[in-house]
Amino acid sequence: MGVLNLLFLSNFLLLLCGSVHASNTYNVGDRVPLFVNKIGPLHNPSETYRYYELLFCHPDQLFEKTENLGEILNGDRLENALYELEFSVNKTETVLCHQKLDRENVTKFRDAIVSDSYYQMYFDDLPLWAFIGKIENERWNPYSKGPKYFLFTHVQFNALYNGNHVIEIHAFSEPNHVVDVSEDADINVKFTYSVFWHEISTPYKNRMDRYSRTALLPVFQQIHMFTYVNSLGIVILLMGLLTVLYKRHLKYNLRKGSIGDEEEDKAVGWKHIHGDVFRCPTNLPLLSAVVGSGTQLLFMVLILSVLAFLGILYPYNRGALSSLIFISYVLSSALAGYNSASLCNQYSKTGWEQSVLLAGIIFFLPVLFTTFFLNILAAYFGVTAALPLGTIFVIFLVCTLVAVPLLILGAVIGNRYRTEIQSSSITKKIPREIPQLVWYRKTPVQMFLGGVLPFGAIIMEFNLLCSTIWGHKIYTAPSLLLVTFIILAILTALLSVCLTYFQLAVEDHEWCWRSVLRGGSTALFMFAYCIYFYFKSNMNGILQTSFFFGYSLLMCYAFFLMLGTVSFRVSSLFVRRIYRAVKKE
């Protein structure tokens, strides 16, 4: 266990070093570190290659920057570069190197230009991007043989500083410094660069704000406002429906039952099944596992939101998000074990071991198989998303020696401190027969209603989320995402209560699984929108398509577990509340 603790502590410290790094100060003439990262097509964010896959100028001795777990998961591969950027020292037309490109390398550069490829670097932990080349179509020239492909040979760095701190960095490819790579012929290229420094008043603590400015543009603020107004309208509508439901039906029925009016009591359908609503649901271990895993994922969302508000998570903080997702998932395994065992013990004294086992694999196994397939595909294409064997071993070790014991610990606690169902009803030995239901009261229709309204309220925010994940700009902020998720959970909860009552009113007592499917059905609409988003984008190729649909499936599956858990928990509280006042027979 000492080795495990050391391993886990080292990864955690590496995470903190990447997340809350100390501010770097420089004097005039000090060399500011610049690392090259990766290159890739603009429209295929998952298809990224090492920077030196193309024959750019490179040092005689290459070395990789030490990276934490999150950076590796994120596909970052930082390496040293020939560029020498000295603090507050301007340079003009500095020669980087002379490079001779043979036909093979000319073809590689031309293919990169055709796919609108860019390169990414990090300057004092600030990301910067620039295009590799440009295409010029000479349609006006009748003697033209087709488009011309030009490779940019000059980069201009505009660095902004305040005092002894670097605040911003911009890179521009000079359109007048190009070489023609349209023909398959050997060429000699001279790569140059310029550096210009400008002083600004922006404080160091706000230097990362510019990467999220897109989310604050007026058009996106209008989208956020429309989403919140739309959601508020739906919430008010559902709250009004619940108020009417309570005052005109539930409150009246409960009062009639309390004074012993048997004739009135017989007319109330949901009271007839008070001996069946707390019956042990079918596939109890699986239901317990779904709720346990959903609770774990909800806790992860809470932790990540808190860290974002504290400033630990911010845009383009290399690998921090991936590291924190992994660490929070591992550490919250105890919640999955506790909730699955506790729920299983509420209905049955046996079977909790199976529910805990399912809770441990119900989400992890799909993630494992998906990432395994995508990792093989990434290794075949040689992209940076392929995980090294050492990283895979570390992940396996942490999951085995940390996540599994925490899962078992939570299960033992949940089993020992079991809680009974608090109701005044006694479950009958023989289940009551469920009447024939009309089509609009069956599960598919309720799933449609339970999913379409919440998704309709957050569809624009979900579009911005997809654009943020599969784009190169931050279109929505963590605080806005949290507010949107809270709205989504509230709408799911309100709809779950309404639809659960309508189900019980027709003497259908099998509400447990129905509530999970109703709440989780929003994820089906999310995945349908992901399909639409893919086809309206410019993403292409088997690699990018596999990554998009693989990770979109996992994301929507996570939403299914979380929203299904919210729906089940709220429906459970509602059912217990209304049957608590029912007279025992």
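**View A. Helix 12 packed with helix 13.** Helix 12 (residues 443-469) and helix 13 (residues 478-505) pack at about 170°, their axes 9 Å apart. Helix 12 is therefore roughly antiparallel to helix 13 (angles over 145 degrees count as such). Helix 12 contributes Gln446, Leu449, Gly450, Leu453, Pro454, Ala457, Ile458, Glu461 and Leu465 to the contact (heavy atoms within 4.5 Å). From helix 13 come Leu481, Thr484, Leu488, Leu491, Thr492, Leu495, Leu499 and Gln503. By class, the contact has eleven nonpolar, five polar and one charged residues. The model is predicted, with local features needing pLDDT of at least 70 and side-chain atom pairs pLDDT 80 or more, while totals for chains, interfaces and linings use all residues. Residues are numbered from 1 along each chain, and side-chain values use heavy atoms, without hydrogens or water.

View B. Strand 5 (residues 117-123) pairs with strand 6 (residues 126-131) in the antiparallel sense, over six bridges (pairing needs at least two DSSP bridges). Gln120 has Trp129 of strand 6 as its bridge partner. Two residues separate the strands of this hairpin. Helices (H or I, at least four residues) and strands (E, at least two) are DSSP runs, numbered from the N terminus.

View C. Asp124 lies in the loop between strand 5 and strand 6. Its phi is positive, about 55°, although Asp124 is not a glycine. Asp124 is buried, at 3% relative accessible area (buried is under 20%, exposed over 50%, partly exposed in between; 1.4 Å probe, protein chains only).

View D. Asp116 sits in the loop between helix 3 (103-114) and strand 5. Asp116 has a positive phi near 55° and is not a glycine. At 35% relative accessibility, Asp116 is partly exposed.

Technical notes. Axes fitted to C-alpha atoms, helices over the stretch in contact; angles between N-to-C directions. Parallel < 35°, antiparallel > 145°, perpendicular 65-115°, else oblique. Nonpolar A, V, L, I, M, F, W, Y, C, P; charged D, E, K, R; others polar.
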